[in-house]
Amino acid sequence: MIGSYIINIAFLGIIVSLVAYYISFRNNNEKFLTYARIGYHTSVVGLMVASAILMYLILTHQFQYTYVWSYSSMALPTGLLAASFWAGQEGSFLIWALIAGFVGVFLMSYSSNKGYEGQLMFVYSMIVGVLLLMLIVKDPFLRVWESFPGQVEKGFMPADGRGMNPLLQNYWMVIHPPVLFVGFAAMGATYAFAVAALLKKDYTHWVRPATPWFAFGVLSLGLGIMLGGYWAYETLGWGGYWAWDPVENSSLVPWLIGLAALHTMLAQRRSGAFVRTNLVLGIFTFVLVLYSTFLTRSGVLGATSVHSFVEPGWMAYILLLSFIIFFGGFGLLLLFLRMREMPSVPIEYNYMSREFALFLGAAALIFIALFTIVGTSSPIITNLIKGQVSAVDISFYEQTTTPFGIAVAFLAGFAQILWWKSSKARNILRNMIPGLFISAIATGVMIVIGLTSIMMILLTFAAWFVLVVNVQMAVKIGKNNPRFVGGAVAHIGVGLLFLGFITTAMYDKQQTIQLVEGEPVEALGYTLTYTGYSPAGHERWAFNVTAEREGRTINLAPVMYQSDFNNSLIRNPDIVNRLTFDFYLAPLGLDSKEVDGIAGSTHTLQRGREKNIEDYTITFVGFDMDSDQHVMGSSNEMVIGVDLDVSYNGEIERVVPEIVNRAGEMDFRPAMTSDASLEFNVVSIRPDQDNPDRSSVTLDIRKGGTQLTGTGPAKTQDVLIVEASIQPYINLVWVGTILASIGLLITIIRRANEARPKNVESWSAQ
Amino acid sequence: MNAKAIVAGVIIVIFLIFGAWSFLESNVEYTNFQDAYETGRTVQVEGTWVEEKGDEYNADRNEFIFYMADKNGQVVRVVLEGPRPNNFEIATSVVARGQFVSEDEFRSTNVLTKCPSKYEGTAEEMMGASSSDGQYYE
């Protein structure tokens with residue numbers, strides 16, 4: 001297939017680029033720089049053409065291609081159809097390679113006027129090359145008879161595809177993966193910067209041009225992660241935006257490392273210290289992206305996660321593992337070889353300096369990353385050590401990361417108050433007073449309304465502190481120099497995020513509720529009524545629930561359906577968004593229930609079940625129809641006896657009221673207990689021949705002529721089981737994310753501007 | 001300088017010990033019912049649903065009750081705090097996470113069901129699903 005050839009051409013292009021870039025910086029040869037660029041651009045054009053072909057095949061339903069058949073179908077709407085491009089392994093590697101290719105074009109022009117292009121693009125080409133290698137092994141352009149040799153006849157065209165996993169079928173599928181891959185590509189760039197610095201033996205200047213790229217990586221990967229969290233919350237019904245799931249954790253780890261690096265790089269720019277730290281962190285950004293890919297795509301976690309990980313075959317497994325070893329080994333070996341010639345600038349051991357605070361904050365982030373990766377890898381670790389697979393509980397992550405989270409939050413406020421090099425204690429204190437004061441009051445309020453754990457109280461205090469201090473800073477910097485406001489704005493976002501984590505984790509309320517159709521139930525301040533289900537698109541069902549609160553009624557329609565694709569029950573929640581909280585309704589299941597009728601004069605007895613009425617215990621034993629005495633001479637008369645066991649004061653007596661059916665006309669014959677205290681009249685009978693135990697009878701029972709009150713006939717009703725929850729101030733999480741992103745964007749612009757050659761004396765100073 | 005390095009080293013070691021301790025503490029092992037009963041710990045037990053013994057959902061308490069045989073064939077009554085799990089009937093095996101609260105009740109907070117995966121398509125499926133209306137072309 002032409003697509004496969006083009007992938008091969010793209011791979012050749014990248015090899016040319018790799019070799020030519022190497023020669024160009026080795027021999028300082030400008031001509032080879034040109035060859036390298038041609039090679040790289042050929043590769044990117046190849047990736048564009050290959051992607052266009054795959055997209056065309058998907059949009060035109062060419063099901064003779066295994067990939068198209070596996071992940072799309074005729075029924076998919078256009079948006080999702082396009083998104084099925086990255087619904088499978090091969091396609092996700094293609095989109096990753098394509099985006100990495102594009103990012104590389106920017107990286108090339110960014111680095112060309114800074115004297116970095118040779119080394120940087122040499123390393124970056126290796127990354128694109130490895131992705132292309134993966135595409136050669138996992139070819140998205142295989143046809144079905146090539147995928148199933150001997151089983152499928154050549155030229156066969158399936159009528160329809162298997163379709164997309166229903167869990168992926170919403171608009172987040174269109175936006176989330178590409179953003180995540182931009183993050184992955186940016187982390188490739190940060191790796192390339194660190195390794196290029198080692199190749200160039202320039203251990204100090206590289207941080208300046210690299211800073212905006214680290215910020216870009218943190219921004220894009222962070223956005224990708226949060227979009228995934230929002231997706232899980234809004235559509236998948238996880239009940240929250242974060243579940244410490246391996247898929248989430250494994251992209252969180254490189255993000256944390258990139259974030260730590262961003263901060264120590266700022267410290268290096270000021271103090272010259274952290275030379276090795278930054279190189280190591282830079283190397284690990286991309287190695288951890290690869291490890292993340294390995295964890296989620298190699299099937300190693302298959303036994304212990306709710307996610308269904310596809311087994312990609314041993315080829316991909318080995319390849320991914322060797323990529324990790326290759327990129328990790330290459331970077332670290334180079335670092336080891338160059339270690340001696342690196343300048344060693346001791347950390348300013350002034351504890352009251354901003355660089356020291358940044359260092360501590362970065363160290364705390366690294367610890368969070370370390371514990372997260374250890375926890376996520378626990379199935380692998382336990383398998384290696386004990387030969388038995390087991391995973392850690394979510395409590396592991398909460399327990400280990402919270403103390404470091406407190407440190408991160410506090411330092412994100414504290415560092416802003418400190419000056420570079422050193423600060424006077426008096427100044428620090430003076431600047432801290434508003435923050436400490438407001439945080440103490442706010443934390444006090446939150447303790448009063450329900451915070452109990454010491455860790456959460458500390459975290460709350462730190463979260464308010466980072467928020468207040470950074471608002472202070474943003475106002476101050478914003479007045480004088482708005483271009484520098486990025487850090488403060490991003491950290492306001494961080495403060496809001498932390499507060500959102502706390503409110504949603506500590507003040508959330510949830511309740512499992514059964515909603516009998518038509519019966520209102522009070523829960524969490526809402527009056528919920530299940531009103532029945534209605535179709536919601538192809539084979540899907542919406543379960544309509546009205547939620548009434550303070551006179552306002554909102555209709556919620558969580559969706560639940562059995563999916564043919566993977567034979568599973570899909571549940572989508574529905575949410576009431578309010579400014580201060582979300583009311584979240586996740587469907588759990590639909591059941592049915594025997595409910596008593598309305599209280600009244602009759603009693604309904606299920607066969608075999610005892611019923612206590614006043615001091616009597618009455619059991620409906622069964623119908624008595626075959627006994628001869630009931631069959632009268634006249635053939636059109638039938639008598640049905642209702643056998644009742646009446647127990648009173650430990651004595652059991654059989655009482656048999658009867659129904660006489662004479663030519664369609666019903667006649668009821670009451671029966672009395674032997675002491676004539678109770679009289680039984682049959683009101684109606686409901687025999688069930690398939691399942692006699694489901695038979696029931698409704699009786700009118702009189703004691704001394706007075707009717708005993710009971711309940712009417714039972715009926716079967718649908719019961720919708722839902723989990724309702726209140727997510728207080730969850731909007732803080734989303735607003736925090738947006739502000740942090742805006743802050744990072746401002747930072748990127750500022751740092752990219754600072755890295756422009758005209759703003760720097762000399763880049764190529766060897 | 002040296003004293004500082006030692007202090008830093010000690011702090012790091014303390015953190016690592018804290019992490020290792022948490023790891024062991026929260027590690028949920030895969031084991032069998034016998035072991036789970038003897039240790040009383042929260043564990044994961046893999047096994048199969050004993051269909052003959054039936055199952056029941058108690059809507060009032062939101063509990064799903066079923067019988068499960070572990071790999072040694074020991075059958076235990078499992079009470080899941082929640083509704084019937086996804087794909088319970090078609091699961092080839094189930095993994096119950098929880099602990100014994102009494103001799104005859106394994107109280108579970110989460111039951112995973114392992115299903116015959118349909119993620120990867122097979123040739124039979126392709127031919128079977130569409131042989132009637134599939135078309136050939138050159």
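Biologist: How many helices and strands are there in chain B, and what makes a stretch count as one or the other?

Modeller: Chain B has three helices and nine strands, where helices are DSSP runs of H or I with at least four residues, strands are DSSP runs of E with at least two, and both are numbered from the N terminus. Along the sequence, they follow the pattern α-β-β-α-β-β-β-β-β-β-α-β. This is a predicted model, in which local features need pLDDT of at least 70 and side-chain atom pairs count only at pLDDT 80 or more, while totals for chains, interfaces and linings use all residues. Residues are numbered from 1 along each chain as its sequence is written, and chains are lettered from A and ligands numbered from 1 in the order in which they are written.

Biologist: Why does Leu132(A) count as buried?

Modeller: A residue is buried if 20 or more other C-beta atoms lie within 10 Å of its own, exposed if 12 or fewer, and partly exposed in between, with C-beta atoms placed from the backbone. Leu132(A), which lies in helix α6 (residues 117–137) of chain A, has 28 C-beta neighbours inside 10 Å and therefore counts as buried. Leaving aside neighbours within four places in sequence, Leu132(A) is in contact (C-beta atoms, placed from the backbone, within 7 Å) with Ile7(A), Ala10(A), Phe11(A), Ile14(A) and Ala97(A).

Biologist: What makes a set of residues a nonpolar core, and which residues have the most contacts inside the largest one?

Modeller: Such a core is a set of buried Ala, Val, Leu, Ile, Met, Phe, Trp, Tyr and Cys residues joined through C-beta atoms within 7 Å. The largest has 191 residues, and Ala97(A) and Leu131(A) are those with the most contacts inside it. Helix α8 (residues 171–200) of chain A gives the most to this core, with 18 residues. Another core, of 25 residues, lies apart from it and includes Ala523(A) and Leu720(A).

Biologist: Why are α13(A) and α15(A) called roughly antiparallel, whereas α6(A) and α8(A) are called oblique?

Modeller: Angles run from 0 to 180 degrees between N-to-C directions, and axes are lines fitted to C-alpha atoms, for helices over the stretch in contact. Angles under 35 degrees count as roughly parallel, over 145 as roughly antiparallel, 65 to 115 as roughly perpendicular and the rest as oblique. The axes of α13(A) and helix α15 (residues 394–417) of chain A come within 9 Å and cross at roughly 160°, and these two helices are therefore roughly antiparallel. For α6(A) and α8(A) the angle is about 135°, with the axes 8 Å apart, and this pair is therefore oblique.

Biologist: How do you know that the buried residues of α14(A) are on the same side?

Modeller: In helix α14 (residues 378–386) of chain A, the buried residues are Ser378(A), Pro379(A) and Thr382(A). They cover an arc, taken from the directions from the helix axis to the C-beta atoms, of only 100° around the axis, which puts them on the same side of α14(A). These residues pack against α13 (354–376) and β2 (391–392) of chain A together with β1 (27–28) of chain B.

Terms used. Contact = placed C-beta atoms within 7 Å.
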